[in-house]
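This report describes the fold and a few local features of one protein chain. The sequence and structure come first.

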Amino acid sequence: MMKKIILLSLALISLSPSAFALQVGVSIAQMDDVFLSRLRGYVIERSKTYPDMKLQFEDAQGAVDKQLSQVQNFINAKVDVIIVNPVDTQGTKNVSDAARAAKIPLIYLNRMPSDSEMGNGVSYIGSNEIEAGRLQMQYLADRVKDRPSVNVAIMKGLLSNDATRFRTQGAKEIIAKHPNMHVVIEDTAKWMREDGMNLMNNWILSGDKIDILSANADEMAIGAAMAIKSNGMKIGKDILVGGTDGGPNGLQSIKAGLLTVTVFQDAKSQAYGAVDMAEKASKGESIKDINFIPFQLVTPENYQKFMTK
């Protein structure tokens, strides 16, 4: 009997510490995206408050099939929880079905699926995207309310993302309430600064009269602002420029006068919340199906208070 106890003790000692760890698989849509890179950093930061938590990150590189394969690999590795920042918010059903079938809690982060029902082991944490568009455009509309006619250009993110659709929808809801405002042109710059610069250059060179540039994200807005300046125009005087996300680059651009306004998306609260939810879900505790983190307006008057966030 004593020999069996000794052998069992030796076997337990020889087991890798990871055998007792909370294993969390994390698939990020595109790690070279500035905002998503920050999100990943905050996930890592928060995980350190749980000593037993081990993260495995995968970069989906903008491919739906790659992300599904990553999730299936997580399932095969028997992770305890899966966190997914989806590539395509209309392409998540297979991911949700696979996680449910394996009875592994799944948390969608930052991008809310439109083809997957939340609940029954699947949750979401992020923000109500339509509100970002409303906040940004209401501020811009107030700046031009006395002008007889205002031309608005909308720079969209990836068309596969619901954030693009809802932020644009929110902006258009506000525009529709102001008879002097009209959308004259809209196109995608894929969330990227360089694409935003190129698209804005094309619009300027085509001779389109633009009074407001409304971008779904700061990086595109910053690229557009650089194009505006390089063409000899002044931001705030010739064109108002709105962004969304309110990260370090956006805040510095508000300070430097490159952006007229942005909307703060709380990446830290989203990421921290996802990690906290993963820890609770791993213990079988109930978590909310949908967790919205509010957007906040950032202007030249209040941007400094967001610098510490």
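## Overall chain

The model is predicted. The protein chain contains 10 helices and 12 strands, and its C-alpha trace spans about 90 × 35 × 30 Å along the principal axes. Of its 309 residues, 50% count as buried. Among the contacts between residues at least 6 apart in sequence, 74% join residues at least 24 apart.

Four strands form an open sheet in the order 7-6-8-9, with parallel pairing. Its edges are strand 7 (181–188) and strand 9 (240–242), each of which pairs on one side only. From one strand to the next the twist averages 20°.

Strand 6 (residues 150–156) pairs with strand 8 (residues 212–215) in the parallel sense over 4 bridges. In this pairing, valine 152 is opposite isoleucine 212, and isoleucine 154 is opposite serine 214. Strand 8 also pairs with strand 9, again in the parallel sense, over 3 bridges; here leucine 213 stands opposite valine 241.

In a regular strand the side chains alternate between the two faces of the sheet. In strand 8, Ile212 and Ser214 point one way, while Leu213 and Ala215 point the other way. Every one of these residues is buried.

In soluble globular proteins, nonpolar side chains tend to be buried together. The largest nonpolar core here has 32 residues, and the members that touch the most others are Met155, Met200, Trp203, Leu213 and Val241. Two or more residues come from each of strand 6, helix 7 (193–205), strand 8, helix 8 (218–230) and helix 9 (248–256). Helix 8 gives the most, with 7 residues. Another core lies apart from this one; it has 27 residues, among them Val43, Ala60, Ala267 and Ile293.

Which residues does valine 241 touch, leaving out those up to four places away in sequence? They are Leu213, Ala221, Ile228, Ile235, Leu258, Leu259, Thr260 and Val261.

## Packing of helix 7 on helix 8

The axes of helix 7 and helix 8 lie 7 Å apart, and the two helices pack at an angle of about 40°. That angle makes helix 7 oblique to helix 8. The crossing of helix 7 past helix 8 is right-handed.

On the helix 7 side, the contact involves Arg193, Gly196, Met197, Met200, Asn201 and Ile204. These meet Glu219, Met220, Ile222, Gly223, Ala224, Met226, Ala227, Ile228 and Ser230 in helix 8. Met200 is also one of the residues that touch the most other members of the largest core.

Lysine 229 is in helix 8. Its relative accessibility is 53%, so it counts as exposed. Leaving aside neighbours within four places in sequence, lysine 229 is in contact with Ile235 and Leu258. Lysine 229 and leucine 258 are 29 residues apart in sequence, with their C-alpha atoms 8.7 Å apart in space. Ile235 and Leu258 are also among the residues that valine 241 touches.

Lysine 93 lies in helix 4 (residues 93–101). At 45% relative accessibility, lysine 93 counts as partly exposed. Not counting residues up to four places away in sequence, lysine 93 touches Asp115 and Ser116. Serine 114 is 21 residues from lysine 93 in sequence and 9.0 Å from it in space, C-alpha to C-alpha.

## Positive phi in two loops

Most residues other than glycine have a negative phi. Lysine 78 has a phi near 60°, a positive value. Lysine 78 is in the loop between helix 3 (64–76) and strand 3 (81–84), and at 68% relative accessibility it counts as exposed.

Asparagine 110 also has a positive phi, near 75°. The loop that holds asparagine 110 runs between strand 4 (106–109) and strand 5 (122–126). Is asparagine 110 buried or exposed? At 6% relative accessibility, asparagine 110 counts as buried, because the cut-off for buried is under 20%.

How values were computed
Residues are numbered from 1 along each chain as its sequence is written. This is a predicted model: local features need pLDDT of at least 70, side-chain atom pairs count only at pLDDT 80 or more; totals for chains, interfaces and linings use all residues. Side-chain values use heavy atoms; hydrogens and water are left out. Two strands pair if DSSP finds at least two bridges between them. Axes are lines fitted to C-alpha atoms, for helices over the stretch in contact, and angles run from 0 to 180 degrees between N-to-C directions. A nonpolar core is a set of buried Ala, Val, Leu, Ile, Met, Phe, Trp, Tyr and Cys residues joined through side-chain atoms within 4.5 Å. Buried means under 20% relative accessible area, exposed over 50%, partly exposed in between (1.4 Å probe, protein chains only). Contact means heavy atoms within 4.5 Å. Angles under 35 degrees count as roughly parallel, over 145 as roughly antiparallel, 65 to 115 as roughly perpendicular and the rest as oblique. A crossing is left-handed if the near helix is turned anticlockwise from the far one by less than a right angle, and right-handed if clockwise.
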